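This report looks at a sheet and its helices, the nonpolar cores and an annotated site. The sequence and the model are shown first.

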Amino acid sequence: MKHIRNFCIIAHIDHGKSTLADRLLEYTQTIEKKAMQSQVLDDMDLERERGITIKSHAIQMKYNYRGSEYILNLIDTPGHVDFSYEVSRSIAACEGALLIVDATQGIQAQTISNLYMALENNLEIIPVLNKIDLTNAMIEETEDQIIDLLSCKKTDILRTSGKTGEGIISLLDTIVEKIPAPEGDAKAPLQALIFDSVFNAFRGIVAYFKIINGSIKKGDQVKFVATGKEYEANEVGILKLSMIPKKEITCGEVGYIISGIKTSKEVKVGDTITHVKRPCNLAIDGFKEIKPMVFAGVYPIKSENFENLRSSLEKLQLNDASLTFQAESSIALGFGFRCGFLGLLHMEIIQERLYREFNMDVITTIPNVSYKVYDKQGHYKEVHNPAGLPDPILIDYIEEPFIRASIITNIKYIGSIMTLCLSKRGILIKQNYISGDRIEIIYDLPLSEIVIDFYDKLKSISKGYASFDYHMQDYHPSKLVKLDILLNGEPIDALSTLTYIDNAVNFGRRMCEKLKELIPRQQFDIAIQASIGTKIIARETIKAVRKDVTAKCYGGDITRKRKLLEKQKEGKKRMKQVGNVEVPQKAFFAVLKLN
Ligand SMILES: Nc1nc2c(ncn2[C@@H]2O[C@H](COP(=O)(O)OP(=O)(O)OP(=O)(O)O)[C@@H](O)[C@H]2O)c(=O)[nH]1
């Protein structure tokens, strides 16, 4: 055990974690150079295409340090704020963390939030200044920022380039020297922490764990403490690029287990695995239950796919413990699920994964936050869907969630950022000078204002030089009203939103204008109206069109005609028949596209 090092890589988004992980794998010869492709751990197509890490990835390396062989278990983690839950779980399986800072960017918001998470878990931090090969690297300045942040010495900071490989060997040496070996008692009863799980089409459900005490052998009878279920360990092994079966996994190691688990409900991330005979006395402290921040309806395009969608969501939940879902029905969209996400990027990724991994084509509705709706007796009910809001006569007041946001930027953008925060009903809490012309501002803001377009606006007004992180703060009373959208006089429940009273009329007007752009013309006029209660506050009309796409192909060419019709059918994908109107997916997102 004294030759094991478990560590993760944490950083702000795009500071170079995955590229640095590639170099570590290459220099330890875990992957042959010719098999090496960039960001090798980001194995989901979606991760490669977008160049972001969505899931944490664990991999074992071997490294020879002064004549002794060490096992290094590396966990690469995502940088985006929506996936910070992945980071928190990886951290729990490690004793150390490499804190990567991009030398051209300096310390950013997620550098700080991920560092705090690592410190709370008592991890040994190795500060790494990365991308030093770039000519615009601000080496001295960024090192000063790191020294201020960590109260470390200049000599503690390693300088690396994930691109050229500079500094990688001394980084590997430092990992062995500084990160403590896992503690634990190999002879004690088995206690293994499940930190992730995945559904594998060939092997069934695979759970990833770290052994805190004891050891586990193939064929052992094991029990999952939280669920009380017992299994035989059909296969145990370690994680390299693929799963490598082993006879035994011992104390301090990271591994996987396949044990004939039937349903996703049986595996809880944060649960403890122990032996049926000689079980441990205590379960390991699990993880904080994660609460989704953003909710949206997810509906199958074809209503007969409802049950398939349920089983796909269950499988996805195995691999993504932060996803929640509950069946609901909508007058407009039929049967579907109200899903809870950590943010908009998370929501987008789930929709894409449903499509790619499970062939499920779905419509997602306007996202909203969760509200606490109080009645006149002082009782409250959490509402995750504006359509489910009680009758206004029964409501005393509504509370909405506020977040505390940290924004780090150059001082020259501070004025326009403050104006933005004010327009989003923000309350300034304080300002901290970081160094030179960089400043951190702390704001309390309603989460509903953040989920829509805050981040894009922040990026554009700061020309990309502002980073942003947030955590849930509290619920506060707000003056909110429900805004309904009607198509040809029919209220479309899936388009209802709760909005701040002073902005409601303007918001309703802009929604109608946007929907007019997004809903294609059909063979009859479509009236789009916005209403608050029974009062209509805005209206637009989409004029009828007679659409015969084949009209241009006079007579003859039947294949061409067929092609055109096929194309038109394609266009109907991700459309939903709502009453007599065909509504495209993008219309349900109209609110995100308001100018
Ligand atoms: N010049 C230079 N470019 C680098 C270096 N490290 C990473 N990059 C580039 O920086 C970009 C981001 O690198 P990634 O490794 O994907 O960053 P990441 O931190 O894993 O990103 P997320 O997982 O999305 O948070 C890519 O375009 C890399 O090619 C480096 O040391 N030097």
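## Basis of the description

Two strands are said to pair if DSSP finds at least two bridges between them, and helices (H or I, at least four residues) and strands (E, at least two) are DSSP runs numbered from the N terminus. The model is a predicted one, in which local features need pLDDT of at least 70 and side-chain atom pairs count only at pLDDT 80 or more, while totals for chains, interfaces and linings use all residues. Residues are numbered from 1 along each chain as its sequence is written.

## The sheet and its helices

An open sheet is formed by 6 strands in the order 2-3-1-4-5-6, with mixed pairing; its edge strands, each pairing on one side only, are strand 2 (57–65) and strand 6 (158–159). Strand 4 (residues 96–102) and strand 5 (residues 124–130) run parallel and are joined by 7 bridges, and Leu99 has Pro127 in strand 5 as its bridge partner.

Helix 1 (residues 17–27) lies across strand 1 (4–11), strand 2, strand 3 (68–76), strand 4 and strand 5, running at about 160 degrees to strand 3. Helix 5 (residues 139–150) lies across strand 4 and strand 5, at about 165 degrees to strand 5. Such angles run from 0 to 180 degrees between N-to-C directions, with axes taken as lines fitted to C-alpha atoms, for helices over the stretch in contact; two residues are in contact if their C-beta atoms, placed from the backbone, lie within 7 Å.

## Nonpolar cores

A nonpolar core is a set of buried Ala, Val, Leu, Ile, Met, Phe, Trp, Tyr and Cys residues joined through C-beta atoms within 7 Å; a residue is buried if 20 or more other C-beta atoms lie within 10 Å of its own, exposed if 12 or fewer, and partly exposed in between. In the largest core, of 74 residues, Ala97, Leu99, Ile194, Ala207 and Phe209 touch the most other members. Strand 8 (residues 204–213) gives the most to this core, with 7 residues.

Leaving aside neighbours within four places in sequence, the contacts of Leu99 include Ile10, Thr111, Ile125 and Val128. A second, separate core of 72 residues includes Leu313, Leu354, Val362 and Val451.

## The annotated site

The UniProt annotation "binding site", from an unreviewed entry, covers residues including Thr19 and Lys131; such annotations may be inferred rather than shown by experiment. Thr19 is placed in helix 1 and counts as partly exposed because it has 18 C-beta neighbours inside 10 Å.

Lys131 is placed in the loop between strand 5 and helix 5, and it counts as buried because it has 24 C-beta neighbours inside 10 Å. Beyond four places in sequence, the contacts of Lys131 include Gly16, Asp102 and Ser161.
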